[in-house]
Amino acid sequence: MEMSEDGKKCCARCKKIKSLEEFHRAKGGRRSACKLCRKTEGDPEARRQQKRHFWAKNKDKINKKRKQWRLDNSDKAKQYERAYRAKNKERMREYSKQWRLDNPDIFKQYTKASYHKHKEKNKEVIQKYRENNKEKIKLTVKRWQKLNKEEQRPKRAAILAKYRASKLQAVPPWLGRELKSEIKQIYIDCPKGYQVDHIVPLQGKNIRGLHVPWNLQYLTAEENQIKGNRF
Ligand SMILES: [Zn+2]
């Protein structure tokens, strides 16, 4: 049935029922595709937009249909999904990475929820890992204990400072190996009773300092307190 009784017609392409004026005249009647569909025929961007529009309008219906299909053909669906994943591995990884960067808060919620969901399973995995890697873990603990000795304190302070600075985005990307080791040395050489201080604080009110050698100085705890929030 091409035309309904009330003078309307279903477009062969977009499947919309439209009045006859929206179809071009043709020999013996009207075109099968509506004017809008014919107009966008040779224009890929317009077609894409049309598709997007169609998708947005029929999202629920399409999703329902797809879901039902997946339920009815679960083996085939799994197979398709696996093939798709294998083919688009890199792209999907990039996509998720970008998504995580764009939605840090939602991502945090997800990981939290996922952690609780897999809590028991995680416990099992950790237990198994512990049993299978006893030597390796022993070594790690030893290394950690060594790092925690009193004489390692300045080195630890340097590592911690770098971690904090990186979280505050205060470590410039151009900071090379030499400058990094210079910073470390400043921490290691810190005299007793002094603290390494950022001359311009990394979290200053008006300006933000950088984690670079020329922004570091030694202050006593007292001096540091007096300095307060000058910036
Ligand atoms: Zn149409």
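Let me begin with the largest nonpolar core, which comprises 6 residues: Ala158, Ala161, Ala165, Ala170, Ile183 and Tyr187. Helix 9 and helix 10 are the elements that contribute two or more residues to this core, and helix 9 gives the most, with 3 residues. By nonpolar core I mean a set of buried Ala, Val, Leu, Ile, Met, Phe, Trp, Tyr and Cys residues joined through C-beta atoms within 7 Å. A residue is buried if 20 or more other C-beta atoms lie within 10 Å of its own, exposed if 12 or fewer, and partly exposed in between, with C-beta atoms placed from the backbone. In soluble globular proteins, nonpolar side chains tend to be buried together.

Please note that this is a predicted model, in which local features need pLDDT of at least 70 and side-chain atom pairs count only at pLDDT 80 or more, while totals for chains, interfaces and linings use all residues. Residues are numbered from 1 along each chain as its sequence is written. Helices (H or I, at least four residues) and strands (E, at least two) are DSSP runs, numbered from the N terminus.

I turn to individual residues around this core. Leaving aside neighbours within four places in sequence, alanine 165 is in contact with Ala170, Val171, Leu202 and His211; contact requires C-beta atoms, placed from the backbone, within 7 Å. Glutamine 185 belongs to helix 10, residues 177-188, and counts as partly exposed because it has 13 C-beta neighbours inside 10 Å. Its C-alpha atom is separated by 8.9 Å from that of proline 154, 31 residues apart along the chain.

Next, the backbone. Lysine 15 is found in the loop between strand 1 (8-10) and strand 2 (17-19), and is exposed, with 10 other C-beta atoms within 10 Å. Glutamine 169 occupies the loop between helix 9 (153-167) and helix 10; this residue is also exposed, with 12 other C-beta atoms within 10 Å.

Is helix 7 buried or in the open? Of its 14 residues, the number buried is 0, so helix 7 lies largely in the open. Helix 7, residues 119-132, reaches 20 Å from its first C-alpha to its last, close to the 20 Å expected at 1.5 Å a residue; the expected span is 1.5 Å times one less than the number of residues.

Finally, the chain is divided into domain 1 (8-57), domain 2 (67-112) and domain 3 (148-227), with bounds from an automatic or database domain assignment. The centres of domain 1 and domain 2, taken over C-alpha atoms, are separated by 33 Å.

Definitions and conventions. Contact = placed C-beta atoms within 7 Å.
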